[in-house]
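This briefing reviews the interface, the sheets and selected local features of a protein model. Its points are grouped by topic.

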Amino acid sequence: MKQFTIRRILIERGAESDSLAKMIPKRLPDIPKELVDSHDLALPEGIEEMDKESLRIIHYKGEFLKPCPGTKRYICCGYQILNVGINCPMDCSYCFLQSYINQPSLRVYTNLPEKLDEIGEYIDSFPERIFRIGTGEFTDSLALNYLTGWTDYLIPFFSRRKNCILELKTKTSSVESLLKSRYRERIVVAWSLNSARIVSSEERKTASLKKRILAARDCQKAGFVLAFHFDPLLYYPGWDEDLEEAVKLLEKYIDPESIIWISFGSFRYMPALKWAIKRRFPKTKIFDGEFVTGLDGKLRYFKPIRIEMYSKLSERLKKWYEDLGIYLCMESSDVWKQSFGWSPKTSPSLSRYLDHRVRKLMVG
Amino acid sequence: MKRKPLQDSPLQVDISDIDLSPDPFCMSFNFDLEPLKASIDRFGVLNPPYLLRNSDTDTHFTVVAGYRRLLAVRELGWSDMVCQILPDSFPPFKALLLNLHDNLVQRKMNEIEKAMVVQRLTRFVKHEQIITQFMPMLDIPANRQKLRLFLGLEDLEEPIKVSIAVERLSLRVAGLMMSLGTEDRLKINELFTTLKWSFNQQWEAIQWIMEIASREGRSIKEVMKDREVTEILHDSRMSNPQKLKDIVKVLKRRRFPSLMKAETEFRKGISALPLPKGVKISPPPFFEGIDYRVEIVFTKGKDLRDRLEKLSHLPGLDKITDFWKGPEYR
Ligand code: SF4
């Protein structure tokens, strides 16, 4: 299991008595700890703005479960985000958090275990709905798990519920705690995938493509349902051959039958993110493509380029296995249609499609 | 609270005894000495410069405040003048602040001069203090990125600094230039200042140039040496605004080849249609959405009816939304 460098633990006043706040420092006995106020955000001189080597332990006052903030202009999958923390110890050049967060450090919310009953009650009050819940939106679902023990309490909790699945999305290969767990029901283990070239050039401190796929294989062998996300797809000379290699690795190690879904998303960004990225990664080539302003104000590849990427990748994946539950993340109906020959047309209809996948593969 | 007056004393000083290099307190850049010389010539120096005695150099005094005045009197041929000499124990940080306040009350500083101040402050105070205390005073947005930008300005080449000081080159663009080599920076500065690009045009164009270089695996210099760009620049029949417009077009075509091709195809398709007079059809911006627009200009209801009538019978109209995909769709 990969451990990341943590140089200091900052415990925000108000979090001291939470169970996780007591446990995490015990797992890092030699790291200096400091009690801080929530507004005390000044970084010591020389510490980089994202401050990915400080762990800040926080008693979170906001909502833990929230719908993914899609926009009306593109079709959204209707995912629910379980907000376990924000920021991540890996360092992808394209990470949207660089302009999204206005507070530094790896921030983990320690009162989540205490809030679970409330979340459970909410989910149970909609028995006809299927909640597709993920923790990998604002952080990596597994990277800090060795400190936070997220899987120890989230997996049993969600595994017991009838109308939800928990998707743990990661770029690590840290699956030891999953493999030790005795729960499998309603847990999806998902990997963000990219070409090996992009992994090594743009996704710093993440597991290599092969390690991710091998970890996926281990999880699958242990009985977990898998998902994959080719997101963000980047267009560069040779992108298709590189992705072909990634698909070949999947073919070699993964049984496609227990894949619940595979999503595609092309690189998109709010204008401000470009400058946050350029500041931190001046040599990155991710902005080389032809980006235009999309209907939601984000910059996206010019439509024919996106369509080319989606259609080629899906054709290639379908040669492997027809029924992979491929879907697009935040795309318009015409892009769906031109890429795949069909479109769910609306967000609720995409939700129904994915719910159907859940029923088919997971909920008996 | 009663403030302690400066313990300075006036002294007639030989100009040749004063170190007139701009360090360590000077914050003047790209100024015109002539008006000051004219004023001094007429009325003398109303406000004597402040100096510190040097202990370790050939010259006897360092300028704290009044750098321009001293340059002016030297150019006027004065051999000496009355200056205020600060006590030897006067702390250098205080000397810097004295000059800063002297400048702030007298004039508007240009961006390079502000950068000089910021740079000099780093010798005495932490970055955080510069951000919170001094950047607002200098009218610079108080954040780390801006601090980094201003700290980098002093390292830029003289012609670029002059362009910034006279507001011919955008500060944002200068910030991007910092990641480039000297030769590339100077070339871009030359392009932007000779043709008088607006700051927005500069901002767009520098990104295109850098991104073209990155995606084509070329140097900035090579991108700027583009045959078309060079020809436009040397075309004596073209006015500067025309040159600018054409260069933007060339760069845009290289930066967004597929988009530009789609736009051209769409235009070609539309122009081949016998559209009635006063009818204009526009695609969605960047072809991202799916809604096209038609604009009909008319003066009488009958004209509108005629145009709608003609439009409804126009062959090829149903293919309009595919025009941009290439000739095979037209
Ligand atoms: S793994 Fe995800 S959260 Fe972490 S840096 Fe990469 S994109 Fe951001």
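**Overview**

The model is predicted. The points below turn to the contact between the chains, then to the sheets, and finally to individual residues.

**Interface between chain B and chain A**

- Contact between the two chains involves 25 residues of chain B and 27 residues of chain A.
- The size of an interface is often expressed as the accessible area lost when the parts come together.
- For chain B and chain A, the buried area is about 2100 Å², and carbon and sulfur atoms give 50% of this area.
- Three residues, B:R144, B:F286 and B:E288, account for 28% of the area that chain B buries against chain A, more than any other three residues.
- Polar contact between chain B and chain A is found for 15 residue pairs, with both residues at pLDDT 80 or more.
- On chain B, the side that touches chain A draws at least two residues from each of α5 (127–137), α6 (144–153), α10 (199–216) and α14 (257–271).
- The element that gives the most to this side of chain B is α10(B), with five residues.
- By residue class, the side of chain B that touches chain A comprises ten nonpolar, six polar and nine charged residues.

**Salt bridges**

- Over all chains, the structure contains 53 salt bridges.
- Four salt bridges are found across the interface of chain B and chain A.
- A salt bridge links the side chains of A:K278 and B:E211, with an N to O distance of 3.9 Å.
- In chain A, the side chains of A:R357 and A:D323 form a salt bridge with an N to O distance of 2.6 Å.
- A:R357 belongs to helix α13 (residues 347–361) of chain A, whereas A:D323 is in the loop between α11 (303–320) and β18 (326–328) of chain A, so this pair ties together parts that are 34 residues apart in sequence.

- Strand β3 (residues 50–53) of chain B runs antiparallel to strand β4 (residues 61–65) of chain B, and four bridges join the two.
- Strand β3(B) is also joined by three bridges to strand β5 (residues 80–86) of chain B, and these two run parallel.
- B:L51 takes part in both pairings: B:V63 stands opposite B:L51 in β4(B), and B:I85 is the bridge partner of B:L51 in β5(B).

**Three-stranded sheet of chain A**

- Chain A has an open sheet of three strands in the order β15-β17-β16, with antiparallel pairing.
- The edge strands of this sheet are β15 (268–269) and β16 (291–293) of chain A, each of which pairs on one side only.
- Three bridges connect β16(A) with strand β17 (residues 299–301) of chain A in the antiparallel sense.
- Among the residues of this pairing, A:T293 has A:L299 in β17(A) as bridge partner.

**Backbone features of chain A**

- Most residues other than glycine have a negative phi, and most peptide bonds are trans.
- The peptide bond from A:D231 to A:P232 is cis, with omega near 5 degrees.
- A:P232 is part of strand β13 (residues 225–233) of chain A.
- A:D51, although not a glycine, has a positive phi of about 45 degrees.
- A:D51 is located in the loop between β2 (33–36) and β3 (54–58) of chain A.

Note on methods
Residues are numbered from 1 along each chain as its sequence is written. Chains are lettered from A and ligands numbered from 1 in the order in which they are written. This is a predicted model: local features need pLDDT of at least 70, side-chain atom pairs count only at pLDDT 80 or more; totals for chains, interfaces and linings use all residues. Side-chain values use heavy atoms; hydrogens and water are left out. Contact means heavy atoms within 4.5 Å. Buried area is the accessible area (1.4 Å probe) that two parts lose on being put together, summed over both. A polar contact is a pair of N or O atoms within 3.5 Å; within protein, one must be able to donate a hydrogen and the other to accept it, and residues adjacent in sequence count only if both atoms are side-chain atoms. Ala, Val, Leu, Ile, Met, Phe, Trp, Tyr, Cys and Pro count as nonpolar, Asp, Glu, Lys and Arg as charged, and the others, Gly among them, as polar. Two strands pair if DSSP finds at least two bridges between them.
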